[in-house]
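Keep the viewer open as you read.

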Amino acid sequence: MPLTTLLRDSRALATLAVPLILTQLAQVALTTTDTVMMSALGPTDLAAGGLAIVIFNQLRTMGVGLVTSVGNQIAGASARAETAPETNASAHAPAHAEHDSNHEVRHIVRAGLAVATLAGIAGAGLMLLIGQALTFLGQEADVVDRAHAMLLALAPGLLPCLWFQAIRQFTVGMRRPQALLQITIASVAVNAGINWALIHGTWGMPKLGLPGVGVATSLVYLLSFLALYLAAKKDTVLGPLLSLNIAQADRITVRHLIQLGIPIAATYGSEAGFFSVTALMAGTFGSAALAAHTAVNQLVYIVFQVAVGLSHAASINVSRELALGRPETALRIKNTALACAGAVMVVVGLIYVTLPNLVLSPFFDTGSARDAQAVSIATHLLLVIMVLQFFDCAQNIGVGLLRGLDDTKSGFRITLIGYWIIGLPAAWLLGYAAGLHTLGIWLGLLTGLAATATLLLRRYSTALRAKFTAPQTVPAA
């Protein structure tokens, strides 16, 4: 790809990706704040809270997957409206729908909120059931008790969290995500204040300790949803299209979103589950190993938000370019997104190598004897995640690109191979059989992510070329 073309495509991608990346980074500051405050309570609370957050993130991520296709569907409807407003009715809209893009978007938004509601209720119930089963998963008894209390506080927050995500996909699909960043930044400050008050019992609040982190998170998700809803209602473009009346959601549209969303949720869940299982594996080596795993996993999660922003932007742009009949541009989006990801990962990797103590200092007292073992483990893990994070980013971009083609099933099949058939056995062999413990687990993670990224990106290129080189069918006279 010529440099001028790469720069032009990078600017086009960055227009949508940068606000999304900043929003993702601000959002991950919520869990980072939680992790830092949990670490101040000691390694046992950090291990227990980290375990609870892993479970919460597993179910939250799968719920987000169910509503992620909302953005792609809206982007396609919007693009079709630009080129042929009189014929843009969705094939999945009800039969009585007007040939009007606004009508189509309203149906998608309302259906997305309905799907989010169903996912939030089911996920909260599953979270509590998993909390009861932790005793049988090889974790220390004290860690299990504290993690269960944390999960009770986190469960109510899943529903407003997924409502927020549904409206977020609506704003991104309409290419108007500006309010997201402002709301998320504000939520970080609110979360920190509520966390502090509920952990330590200040400002007239009850002293809840570790469960206070979960209560604060649930409250912040509710406030964030309300803020985004109000901001969207005030927007002259978004407001007329947004309704919370999910009782009127069209069943055909709901069913279509679920059909697209289940493979995405399974794909996201496959990745999150891969990391969740490795967290349980790390826990079998003791609380210091689990604390180190939790801290390093949080660092990976922070940098992963760059991948999420690039993936969403690339996915939306692919949907848009295909709707506009420009498959060549859609093919270039892959290389552009990977080049941007690679540049960021090089910078992050240099920071890990040159400033390991600074990177780990938010999570541990790097000079204390109490945290010495966890710091030693985490320092070695930083060398692995230098490389791991590029493949983590690349595989997420691959999933987003395929989603832009409405191919949500391939991503799930490929992640099953990459994570569970290649990555997990590698983690077990290196962690247990080879005796590398937590380091071996992370080398297994690296192996699985590299395999997954390679397969996903190859599938995208093959599927897209097949899509625009297939002979066109001439309708019968």
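A word on confidence before anything else: pLDDT is the predictor's confidence in each residue, on a scale from 0 to 100. Contact here means heavy atoms within 4.5 Å. This is a predicted model, in which local features need pLDDT of at least 70 and side-chain atom pairs count only at pLDDT 80 or more, while totals for chains, interfaces and linings use all residues. Residues are numbered from 1 along each chain as its sequence is written, and side-chain values use heavy atoms, with hydrogens and water left out.

Over the chain, mean pLDDT is 85, and 93% of residues reach 70 or more. For residues 472–477, where pLDDT is under 50, the model has zero contacts beyond four places in sequence. Residues 85–99 also stay under 50, but there the model has 24 such contacts.

Now for Glu 321, which sits in helix H9 (residues 287–323); helices are DSSP runs of H or I with at least four residues, numbered from the N terminus. With a relative accessible area of 11%, Glu 321 is buried (buried is under 20%, exposed over 50%, partly exposed in between, using a 1.4 Å probe and protein chains only). Its side chain makes a polar contact of 2.6 Å with that of Arg 326 (a pair of N or O atoms within 3.5 Å; within protein, one must be able to donate a hydrogen and the other to accept it, and residues adjacent in sequence count only if both atoms are side-chain atoms). Leaving out residues up to four places away in sequence, Glu 321 touches Arg 326, Thr 329, Ala 330 and Ile 333.

Some partly exposed residues are worth a look too:

| Residue | Relative accessibility |
|---|---|
| Ala 179 | 25% |
| Leu 226 | 40% |
| His 437 | 41% |
| Asp 406 | 42% |

Ala 179 belongs to helix H6 (residues 178–200). Leu 226 is in helix H7.

Which backbone angle stands out at Asp 406 and has a positive value? Phi of Asp 406 is near 60°, in a residue other than glycine. Asp 406 lies in the loop between helix H12 (372–404) and helix H13 (409–433). His 437, not a glycine either, has a positive phi of about 55°, and is part of helix H14 (residues 437–469).

Key:
Helix = DSSP H or I, 4+ residues; strand = E, 2+ residues; numbered from the N terminus.
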